[in-house]
Amino acid sequence: MNKGKKAWKTFFFWLLPGTIFGILLAVFLSLQQFQVMKELSGNILQENSLEGGLKQSFFPNTFQAEERGQVFLQEYGYHAMTFFWKYLPPAASISILVFQTVGWIQYGFWLKEENRRRKRIQALTAYLKSVNAGHAGSFTRMEDEFSFLEDEIYKTTTALNGAKEIAVKNHEVLEARIADIAHQLKTPLTSMSLMTDLLEEYQTQETLEYYNRLTSQITRLQNLVSGLLALAKLDSHGIVLEKKQFRIQDLIDISVETVKQMFTQKQIQLLISKELEQDTWICGDLEWTSEAVVNVLKNCWEHTPQDGKIFVSWSHNPLYVQLIIEDSGTGFTKEDLPHLFERFYRGTNAAKDSAGIGLALSKLIMEQQNGHILAENSLQGHARFIFKWYHPLLLL
């Protein structure tokens with residue numbers, strides 16, 4: 001398309017100057033012919049013979065002879081522009097042809113240079129794609145206007161590859177360290193949990209409160225260790241998430257079953273939209289996706305008052321599948337909204353035992369499944385979480 005436009009521009013660009021030059025050439029030829037005829041006529045009249053006039057044409061003419069020749073021609077209807085229309089068609093045609101030829105030659109050189117540049121850009125683009133895909137790309141080095149860009153791309157990709165290798169190693173080391181720490185913590189936590197189970201039957205009215213606090217703290221530590229270990233493994237890609245089709249109804253059933261007891265204790269009513277599409281499917285890892293949804297449900301549970309309600313609904317369109325979870329609490333503050341999914345961030349109304357890991361883990365799980373999660377306040381001022389899973393074909 002661009003080449004076609006360029007060709008038409010070349011044609012019309014050189015057509016105008018060719019036409020103008022043809023007109024000027026016709027004017028020049030008409031004036032030149034009139035000048036020759038004027039001189040010849042003046043010489044013939046002065047010598048009073050054709051033979052003498054032709055011989056005199058080889059010598060400078062006198063002003064009187066030219067005047068007599070001009071008067072003579074004008075008497076018979078000849079003027080300076082008499083021959084203009086005679087010379088215009090051939091002069092204009094030749095001029096346009098010459099200018100168009102020059103223009104097309106120039107266009108040919110431009111097209112050749114444009115093709116060369118396009119091939120260079122395609123080669124650099126292919127190299128970058130190869131590097132991004134993790135392959136050892138290479139390109140033929142050439143000395144041209146792209147040489148500086150080529151050098152900078154090579155330096156940048158080399159630096160990025162080095163940084164990537166270091167980052168991967170650091171993540172692997174971090175995963176190993178956190179796994180070691182988690183393993184070391186699990187042993188005493190398991191022992192403490194067993195001991196609390198053994199002490200349960202020996203509790204008195206005075207020690208029951210301390211026993212409940214101890215049990216709660218042990219559970220919190222177990223959840224914290226599990227969350228940290230999951231974050232580390234997902235960060236370092238130590239866990240490969242499955243890509244299977246499953247119904248969103250199954251995802252909701254599994255997630256709700258996990259938090260059912262918590263909701264019952266607080267007498268929170270879970271309302272699932274009745275206008276459900278039973279055949280809405282998602283491509284991803286059911287177990288880990290359920291973990292992301294459970295973390296959001298727990299967050300809503302923490303901020304929903306006693307006897308409150310939590311609403312769940314979903315829909316789909318040609319672009320994505322959307323799941324909405326909304327509580328009946330006080331919502332988020334403006335200061336908290338930009339930081340809700342940051343690790344270890346505790347908002348203004350965060351629960352006392354919250355560690356700030358759940359929402360960060362949900363975000364990481366969604367991002368590794370070509371999804372997205374965001375938080376906002378509803379029109380009624382309640383907290384609302386929106387999950388989006390984009391259809392796989394849109395990501396090719």
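I began with Cys300, which counts as buried at 0% relative accessibility, where buried means under 20% relative accessible area, exposed over 50% and partly exposed in between, with a 1.4 Å probe and protein chains only. Cys283, by contrast in class, is partly exposed, with a relative accessible area of 29%.

I noted that this is a predicted model, in which local features need pLDDT of at least 70 and side-chain atom pairs count only at pLDDT 80 or more, while totals for chains, interfaces and linings use all residues. Residues are numbered from 1 along each chain as its sequence is written, and side-chain values use heavy atoms, with hydrogens and water left out.

I then searched the whole structure for disulfides, taken as pairs of cysteine sulfur atoms within 2.5 Å, and the search found zero.

Next I looked up Gln369, which sits in the loop between α9 (358-367) and β6 (371-377); helices (H or I, at least four residues) and strands (E, at least two) are DSSP runs, numbered from the N terminus. Gln369 is buried, at a relative accessible area of 8%. A polar atom of the Gln369 side chain lies 2.5 Å from the backbone nitrogen of Asp285. Leaving aside residues up to four places away in sequence, I found that Gln369 touches Leu241, Glu242, Gly284, Asp285 and Thr289, a contact being heavy atoms within 4.5 Å.

For the protein as a whole, I recorded nine helices and seven strands, with buried residues making up 31% of the 396 residues. Of the contacts with a separation of 6 or more, 73% join residues 24 or more positions apart.

Key. Polar contact = N/O pair within 3.5 Å; in protein donor to acceptor, adjacent residues only side chain to side chain.
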